[in-house]
Amino acid sequence: MAVTIQDRLKQIFDALGITIYQIAKELGENPSKFYNILNGRAKPSYDTIMSLLACYPQISADYLIRGIMPVLNSPEANARIMLSDDDTIEVPFVPVKFYASFVESFSDGIRSTDVESFRVRKPIMKGHKNAVVLEISGSSMTPQLTHGAKVLAIPVGENNWEYQSGGVYAVMYRDYFVVKRIRDNELLTRKYLTLHSDNPNGGNVTVPLQDIRGLWKIISIVEAPVE
C-alpha cells in the first residue's frame, strides 16, 4: 500500500516530537486544519507544505513530497538549511513599548522610518499589503496568544468594519490599542462593538462606533515564547 502524504506528515510530526497544536500555533493556523489533513478529510496545500519546510528546516523535503527517506535531514544538512534574507520580508513592527506613540501618530500613517521592523517568512505574508507585526501585551488572550507573542495583522478598511466577526483583531479606540476577539458585531445595528478576551479573567469592553480609529485583523502568529 502506498504511503500517503497524510502518513508522511504523521511520521514527520512524531519524529519532531511536536503536537498538532504546537505546529498550528507556529504557523498561525487553526489546529482543526491539521486534524482534518491527518484524518484524510483534506489535503495539505502548496502554501502549507512550503510553510512547514520554512518553519522546520530539519524536515526532509524529499520525504515530505516524494516519500524518499530519511524523514529528517541530518544535523549537518540542517545546519546548512537556514532562512536567508531572500526567504523573508521586513514588516513594520510595533512592540508594546511603542503602543502609545503608535496611537498618537496613527492619523499621520505608518512610515517605515518611524518604526522598527521584523522579518517575516514570505509564505506567511501571502501577498498581504500594509501588514504590521504587533507584540501581544498581557494574558487576556491566552491560551492562543501569550504575552510577548508577535502576530501579523492586516488593516481592515472602515467600510468593512461592520462585517468583521469571529476572529481576533487589534482595535484602536480613543487613546487605547487592544487585541481582542470580535464575536457578535453590532456596529451596523447598534453602532457599537463588544471586544472579548479569550481568558475568562481578561474581561470585555464595549466600544461605540464613533470612538473606533482603526481595525486590524490578526492573521498569523509569527513568533511566540516557549511555554
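Which hand does the crossing of helix 2 past helix 3 have? It is right-handed. Keep in mind, as you look around, that this is a predicted model.

- Two packed helices are described by the angle between their axes and the distance between the axes.
- Here, helix 2 covers residues 20–27 and helix 3 covers residues 31–38, and their axes come within 8 Å of each other.
- The crossing angle is roughly 125 degrees, so helix 2 and helix 3 count as oblique to each other, since that class takes in angles between 115 and 145 degrees.
- Helix 2 passes helix 3 with a right-handed crossing.
- On the helix 2 side, the contact is made by Ile 20, Tyr 21, Ile 23, Ala 24 and Leu 27, and helix 3 brings Pro 31, Phe 34, Tyr 35 and Leu 38 to meet them.
- Sorted by type, the residues of this contact are nine nonpolar, with no polar and no charged ones.

- Side chains of opposite charge can pair when their charged atoms come close.
- Arg 66 is exposed at 55% relative accessible area, while Asp 62 is partly exposed at 34%.

**A salt bridge between a loop and a strand**

- Asp 198 and Arg 181 meet through their side chains in a salt bridge, at 2.8 Å from N to O.
- This pair links distant parts of the chain, 17 residues apart: Asp 198 lies in the loop between strand 7 (192–196) and strand 8 (204–208), and Arg 181 belongs to strand 6 (residues 176–186).
- Arg 181 has a relative accessible area of 17%, so it counts as buried, the cut-off being under 20%.
- Asp 198, with a relative accessibility of 22%, is partly exposed.

**A salt bridge with an exposed arginine**

- Have a look at Arg 190 too: its side chain meets that of Glu 186 in a salt bridge, at 3.5 Å from N to O.
- Arg 190 has a relative accessibility of 53%, so it falls in the exposed class, which means over 50%.

Methods
Residues numbered from 1 in each chain as written. Predicted model: local features only at pLDDT ≥ 70, side-chain atom pairs only at ≥ 80, totals over all residues. Heavy atoms only, no water. Buried < 20%, exposed > 50% of the residue type's maximum accessible area, 1.4 Å probe, protein only. Salt bridge = Lys/Arg side-chain N within 4 Å of Asp/Glu carboxyl O. Helix = DSSP H or I, 4+ residues; strand = E, 2+ residues; numbered from the N terminus. Axes fitted to C-alpha atoms, helices over the stretch in contact; angles between N-to-C directions. Parallel < 35°, antiparallel > 145°, perpendicular 65-115°, else oblique. Left-handed = near helix turned anticlockwise from the far one by under 90°. Contact = heavy atoms within 4.5 Å. Nonpolar A, V, L, I, M, F, W, Y, C, P; charged D, E, K, R; others polar.
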